[in-house]
Number of protein chains: 2
Amino acid sequence: MAASGDEIETLIATMARLPGLGPRSARRVVLHLIRRRTGQMAQLASLMASVAENARECLVCGNVTGSDICPICTDPARATGEICVVTEVADLWALERGRAFRGRYHVLGGSLSALDEIGPDDLRIPQLLERLSDERITEVILALSATVEGQTTAHYIAEALAPSGVAVTGLAQGVPIGGELDYLDDGTITAALRARRKL
Amino acid sequence: MAASGDEIETLIATMARLPGLGPRSARRVVLHLIRRRTGQMAQLASLMASVAENARECLVCGNVTGSDICPICTDPARATGEICVVTEVADLWALERGRAFRGRYHVLGGSLSALDEIGPDDLRIPQLLERLSDERITEVILALSATVEGQTTAHYIAEALAPSGVAVTGLAQGVPIGGELDYLDDGTITAALRARRKL
């Protein structure tokens, strides 16, 4: 028999399985929500129920949003002819927070991986090629991770796009802003040195 | 305009204010729940709504549970005459996980603090004294934190209980199980040395 009753215990166990949380932090969150008698838990519950009902993938780019086509794909100001290809929705949101890119996105939904048997058709690569013929695209920016899988995926897409004649670019590699050389890994320092530029 | 739509953004902002979470982990949790098309978010939402509706403080001990009297206070096997006094519900749950104590609890709801203007009547100390006359109590175990506030509270309660003649005890202080001396603070080592016992 649980000290707190079965329902509270089930809620804690469910929350403990969420990424980044564990049993301890789940207990803390649940106690916090119960203790605040401001109805915060009921409010959070109804918000989650509503998101669970409405959240879906944008039919064009794969962004997660509350409508069939996401706010970025419906915004005419963002039809710049540039598509930024990202691995996951989280990457799209990260780029949006930076406010540096004003074109549109394409979410792959993963990386190519021979080990995990993820091929081009398991990702949204065919949809990307379709967009190239449907929309007036001049540049595809591959904002993929600097990992083996990310770079394999980037090479595959670059080759698939070669016949179309569209410009294919990738993110610059180098020293992160605020990064101290002493704390950087050798790979980053080597890449930054190779890609050195005139001041 | 948020990349993800306003409702998802509100959910992320609400979750980011929970203890132990921040904007980054809130985004991760929300994306995880949206991505898993197993209805996990709807399930979590309804669980939270139900807990928000039903969770309340046990009228006897202050434990948080789904009923007026908690499972521990209604269990006749736990009428051992021992009351374990804890600061918060989280402490009660921690002790229950240890399974070492088979009596009942009393949750104070905080510690005495002159700075924060928390006096005895702001905590559940009057209710503790009432229980002493209502129930057959032989021992009160003060399982309070080894902080200044915790020990102030413990001393206050010990003095308030003195006239009743009930035994008042506190948790032992010393080296934690698995603790390496080298990594312990001086206060703990000093306390463990002072309270040394014959082997």
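Predicted model: local features only at pLDDT ≥ 70, side-chain atom pairs only at ≥ 80, totals over all residues.
Student: Let's start with rings. How many aromatic pairs are there over all chains?

Tutor: A search of the whole structure turns up two.

Student: What makes A:Phe101 and A:Tyr105 a pair, and why is it called edge-to-face?

Tutor: Their ring centres are 5.2 Å apart, and the cut-off for a pair is within 6.5 Å. The planes stand at 70 degrees, and over 60 counts as edge-to-face, so edge-to-face is the name for this pair.

Student: What about B:Phe101 and B:Tyr105?

Tutor: Those rings also have centres 5.2 Å apart and planes at 70 degrees, so that pair is edge-to-face too.

Student: How do you know whether A:Phe101 is buried or exposed?

Tutor: Buried means under 20% relative accessible area. A:Phe101 has 9%, so it counts as buried. A:Tyr105 has 1%, so it is buried as well. In chain B, both B:Phe101 and B:Tyr105 are buried.

Student: Now for a loop residue. What makes the phi of A:Arg99 worth a mention?

Tutor: It is near 55 degrees, a positive value in a residue other than glycine. A:Arg99 sits in the loop between helix H5 (89–98) and strand E4 (104–107) of chain A.

Student: On to salt bridges. How many does the structure hold over all chains?

Tutor: Six. One of them joins A:Asp68 and A:Arg56.

Student: What makes A:Asp68 and A:Arg56 a salt bridge?

Tutor: The closest N and O atoms are 3.0 Å apart, and the cut-off is within 4 Å, so the pair qualifies. As a general point, side chains of opposite charge can pair when their charged atoms come close.

Student: Which parts of chain A does the pair of A:Asp68 and A:Arg56 link?

Tutor: A:Asp68 is in the loop between strand E2 (64–65) and helix H4 (71–74), while A:Arg56 is in strand E1 (residues 56–57). The two are 12 residues apart, and the pair links distant parts of the chain.

Student: What makes A:Arg131 and A:Glu135 a salt bridge?

Tutor: The closest N and O atoms are 2.8 Å apart, again within 4 Å. A:Arg131 has 5% relative accessibility, so it counts as buried, whereas A:Glu135 has 24% and counts as partly exposed.

Student: Let's look at where the chains meet. How many residues of chain B are in contact with chain A?

Tutor: 53 residues of chain B touch 52 residues of chain A. The two chains bury about 4800 Å² between them, 75% of it on carbon and sulfur atoms. The count of salt bridges between chain B and chain A is zero, and four residue pairs are in polar contact.

Student: Which element gives the largest share of the side of chain B that touches chain A?

Tutor: H3(B), with 12 residues. The residues of that side of chain B divide into 31 nonpolar, 12 polar and 10 charged.

Student: What makes A:Glu7 and B:Asn54 a polar contact?

Tutor: Their side chains are joined at 3.4 Å, and the cut-off is within 3.5 Å. A:Glu7 is in helix H1 (residues 6–16) of chain A, and its contacts include B:Leu47, B:Ser50 and B:Val51. At 30% relative accessibility, A:Glu7 counts as partly exposed.

Note on methods:
Residues numbered from 1 in each chain as written. Chains lettered and ligands numbered in written order. Heavy atoms only, no water. Phe/Tyr/Trp six-rings, centres within 6.5 Å; stacked < 30°, edge-to-face > 60°. Buried < 20%, exposed > 50% of the residue type's maximum accessible area, 1.4 Å probe, protein only. Contact = heavy atoms within 4.5 Å. Buried area = accessible area lost by both parts, 1.4 Å probe. Salt bridge = Lys/Arg side-chain N within 4 Å of Asp/Glu carboxyl O. Polar contact = N/O pair within 3.5 Å; in protein donor to acceptor, adjacent residues only side chain to side chain. Helix = DSSP H or I, 4+ residues; strand = E, 2+ residues; numbered from the N terminus. Nonpolar A, V, L, I, M, F, W, Y, C, P; charged D, E, K, R; others polar. Lists of a residue's contacts leave out its neighbours within four places in sequence.
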